[in-house]
Amino acid sequence: MTGPALFFHADAVEGAGKDLVGPRAGGQSFLRGFLAHVPGDTVHAVTEDRKAVDILEGAVKALGETRPLSTRTLRGTEDFTTAGTVFFPGPGYLYAAWRRQAFGADRCSLVGITHTVSTRRVIEGLHHLMTDPVEDWDAIICTSRAAHSIVARQMEKELRSSATGSGRRVCRCRNCPSSRWAFTPPTLPRRTVRGRG
């Protein structure tokens, strides 16, 4: 079994000459957890460019990872879709959805996650989801009801301000305003997770 590829940004982890700030500490902790739990004989990663690969290799080695590291870049002609899933540590996919078109949209899924959702970069990333070639198998994981509310509200604003009303579904959440206009998802059984209903 192979695990997903992690998109790694060079500024996402602690390192020599970098100020210690919350996002870097969180990125370092996430990388440690990813390495501890990702299955497979090889760790897969995607970076924006080759310079970030060197930083990633150093960070992975410093965390004691012994498996080989397979890296691809978004820039250039490398096929970054080989792992089947690329996980982005934010709610956007940079330009990966466009780059994926060169290899076939069905080659991989792009998965993002919300953390801080009120920064300009995050809101711009959500905006791009409305115009990028996002597929049905791509996803954004909302980590809280508050984050989901912000994502839903931003998507609703994007839909209202769209002159063409592209008709594309972005969110699959049953209660999300951005999904109501596009489709009705099937009713899924409710599962209890850690005592929450």
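In this predicted model, strand β5, helix α4 (residues 120-131) and strand β6 form a right-handed β-α-β unit. Right-handed means that, with the strands pointing away from the viewer, the path from the first strand over the helix to the second runs clockwise. Helices (H or I, at least four residues) and strands (E, at least two) are DSSP runs, numbered from the N terminus.

**Basis**
- Residues are numbered from 1 along each chain as its sequence is written, and side-chain values use heavy atoms, without hydrogens and water.
- Local features need pLDDT of at least 70, side-chain atom pairs count only at pLDDT 80 or more, and totals for chains, interfaces and linings use all residues.

**Strand pairing**
- Strands pair if DSSP finds at least two bridges between them.
- β4 (residues 85-87) runs parallel to β5, with 3 bridges joining them.
- F87 has V111 as its bridge partner in β5.
- β6 (residues 139-141) is also parallel to β5, again through 3 bridges.
- I141 in β6 lies opposite I113.

**Burial of β5**
- Buried means under 20% relative accessible area, exposed over 50%, and partly exposed in between (1.4 Å probe, protein chains only).
- In β5 (residues 109-113), 5 of the 5 residues are buried, so the strand is largely enclosed by the rest of the structure.
- S109, V111 and I113 point one way, L110 and G112 the other, and all are buried.

**Cysteines**
- C108 is buried because its relative accessibility is 3%.
- C142 has 25% and therefore counts as partly exposed.
- The whole structure holds 0 disulfides, a disulfide being a pair of cysteine sulfur atoms within 2.5 Å.
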